[in-house]
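Here are my notes on the model, as numbered points you can follow with the structure open. I begin with a single residue in a loop and then move on to the sheets.

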Amino acid sequence: MPAIVRYNRRTMPAELRNMEAWPQFDSTALGPEALAVWKRRRDAVIAYLGGMPVAQIQARYGYQCHQVVRYLNQCVRLMHDGSCAGWIGLVKGIRTEAHVRRRPLKSMPHLSRGGYAGALEYTLSGLPGLKTALDKYLATGVDPWGEDRGRVTPRTTHQVFLRLCTEAGIAPFAWPFCVERQARNSIAKYARSFFEHNHQRVALLQYGEVSRDRSKRGRPPLAKLEVKSPFEVVEADEHEVHLMISIGIETPKGVRHVPCRRLTLIVVVDRFTSYILAWDLVVRRQISSEDFLQCIDKAIAGQCLSADIKEAMNVCIGVMANPSDGTRLGFDSLFIDNALAHLSDSVCDKILKEAGSVVSFGAIKRPERRHLVERVFCWMARELFHRSRATTGNSSVDTRRINPEREAVRKKVSLSQLMRAMDDAVTRWNNRPTEANYGCSPAQQLLDYYSSIDGVLPPLCPPRPCMSVPLRLDICGPTMRGSKAKGRLPYITYASVEYSSLQLAARWDLLGKKIRIHADPYDISTIHAYAADGEDLGELMPISSRWRYPHSREMRKLLKANIKHAHDHIDHDPAKVFLAEQEHIALQANAKAPRVTQAASIVAEEARKGYSSGQSKTDERSPKHNSTKQLVRRIRNPSVIDFGVIGRT
């Protein structure tokens, strides 16, 4: 370990003696007591470097010579980024270098406390292969054994870490196996820190170099952009809904309600007028790019625009509105963060083609860049979510959180009710006078802006052509496969399933070439195909009959992970069977008390897309135990019981 160099005023180099070149910091953030201590230490260091005798410094400031020398070395010590600490090194309790454990790990006595500080960093530094495998899993979601676990959570990360520790040869009586929680909290903190400091690496491994470059934007402090007209800057973001809902499941004894996980709210708002253009709810913690594009498509179509505003826009450009065409808006810039759902190339390209808008990325967890949409989320939570008995509050210790699972079931808070409440809340926001609009509502300001015909042109897009596709559609170019020698007809592969049709099976000239397909993520039972020159190849259907029933892409992923039979069943809809099984799992988990389950969330999300199990009240699922009447009927029939045999035994 290299020795630490300690300077005094005689041995300090000239380049470090210049106190004006030391980094400054905002001392107003300190409390009154800490600020007084910092000023006294600063004055003592300045006096020491100025040549004041040590005895006089001790009499005036109360510090001895070795204390002042220590404060001086804290100011010139290098930080973790290689820069000089400066005056911040005098703050009481500040660390100029990260804490590193040097004491070897050993098992502590049972029920003892302490002794494991820095144990995770010590273990990872001693086993670099384990750290590399754990970081690769956090970045890609694929564990070291080749299994794609989907979304990375603290629980799955902890499971992967324990398995890696076992394979690395760590004894069962050593750390982390010797503690009660087995380093669960340490792994959760490590995963959170990894995502905060390696966001570019995650974007690179999942989306490529262009997405990594996008995720670098927004780090330096940005000044507030001044907007001069509506739709010049539009902000979009998503936020977790502080509310729980319930879903109704048909049972032989009526509808039973079970609680569902919290939802995610997506909002698109205009910065100039504070007008909410579109919103959407998703029954998932993390949205996908299709969900985000679906909400942007609603904003382009003017989901929340009133009829008066649409008419004023059309009159402003001298065009009579045609209800069949619909109003389509455009905007100059779309401000979003660099979340993974926003970084794909398809998101930027589709928004640019449909709305003529450029996408401006900002760093995640920096709400000052999108201050307006964050203010909308705060208002929604205060005026809508936190007023419900089923609210979850801002955290698990919020006093407003009083068993939201039970209240959601008792009040029967459904997704349709929440959608209606959201619609009313958005209407109140758009028609509420605010000080930012000088006592005028966002809707009235937008209407007044385009009602005066003084050369202002609204950013209206031309009507969508009949051949144009919605934003959420997945457009990709798979390669045609097949073999004449083996008698394999031409086909393509999409979402791990082979597709073909009578028209495509006769196109041997397209073997080895790429075609373009349009697939709706909400229903991939059929996809539309086009040749490279634009020729329409018609609709394609899965070759396997089990995938010909309507189902979403998320449902296919779930079904792929739960396939039990290799062969297809006739007249067997696997999506409905799977949803029925999830409903049964949710009911079993809520047999004694309301409990949130992933099965209920899957059922609610698929119901939002228009899918259900199709079960009636007379469910074919038999009861778990025989009824009393059935048992009595068996006993009353003596012809089937040989009492003589029973007596002989």
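This is a predicted model: local features need pLDDT of at least 70, side-chain atom pairs count only at pLDDT 80 or more; totals for chains, interfaces and linings use all residues.

1. Ala183 counts as buried, because its relative accessibility is 7% and buried means under 20% relative accessible area, exposed over 50%, and partly exposed in between (1.4 Å probe, protein chains only). This alanine sits in the loop between H7 and H8.

2. Residues are numbered from 1 along each chain as its sequence is written, and side-chain values use heavy atoms, with hydrogens and water left out.

3. The peptide bond from Trp175 to Pro176 is cis, with omega near 10°. For background, most residues other than glycine have a negative phi, and most peptide bonds are trans.

4. Is Ser496 buried or exposed? Ser496 counts as exposed, because its relative accessibility is 58%. You will find Ser496 in the loop between strand S10 (488–494) and strand S11 (497–500), with a positive phi near 65°.

5. Next, the five-stranded sheet. This open sheet has the order S5-S4-S1-S6-S7 and mixed pairing, where two strands pair if DSSP finds at least two bridges between them. At its edges are strand S5 (276–282) and strand S7 (358–362), each pairing on one side only. Direction ignored, neighbouring strands of this sheet are turned by 20° against each other on average; axes are lines fitted to C-alpha atoms, for helices over the stretch in contact, and angles run from 0 to 180 degrees between N-to-C directions.

6. Staying with that sheet, strand S4 (residues 264–270) runs antiparallel to S5 and is joined to it by six bridges. Leu265 has Leu281 in S5 as its bridge partner. Helix H16 (residues 415–430) lies across S4 and S5 and runs at about 160° to S5.

7. The other sheet is open as well, with seven strands in the order S8-S12-S13-S14-S11-S10-S9 and antiparallel pairing. Strand S8 (474–476) and strand S9 (481–483) stand at the edges with a single partner strand each, so one side of each has no neighbour in the sheet.

8. Ile517 stands opposite Ala529 in S13. Helix H19 (residues 553–560) packs on the sheet and touches S8, S10, S11, S13 and strand S14 (536–542), contact meaning heavy atoms within 4.5 Å. The direction of H19 makes about 130° with that of S11.

9. Finally, which residues line the largest cavity? They are Ser274, Arg375, Trp429, Arg432, Thr434, Ala436, Asn437 and Pro442. A cavity is a set of points, on a 1 Å grid over the protein atoms alone, where a 1.4 Å probe fits but cannot get out; lining residues have an atom within 4 Å of a point.

Terms used
Helices (H or I, at least four residues) and strands (E, at least two) are DSSP runs, numbered from the N terminus. On a 1 Å grid over the protein atoms alone, a cavity is a set of points where a 1.4 Å probe fits but cannot get out, and a pocket is an open set with protein on both sides within 12 Å along at least five of seven lines; lining residues have an atom within 4 Å of a point.
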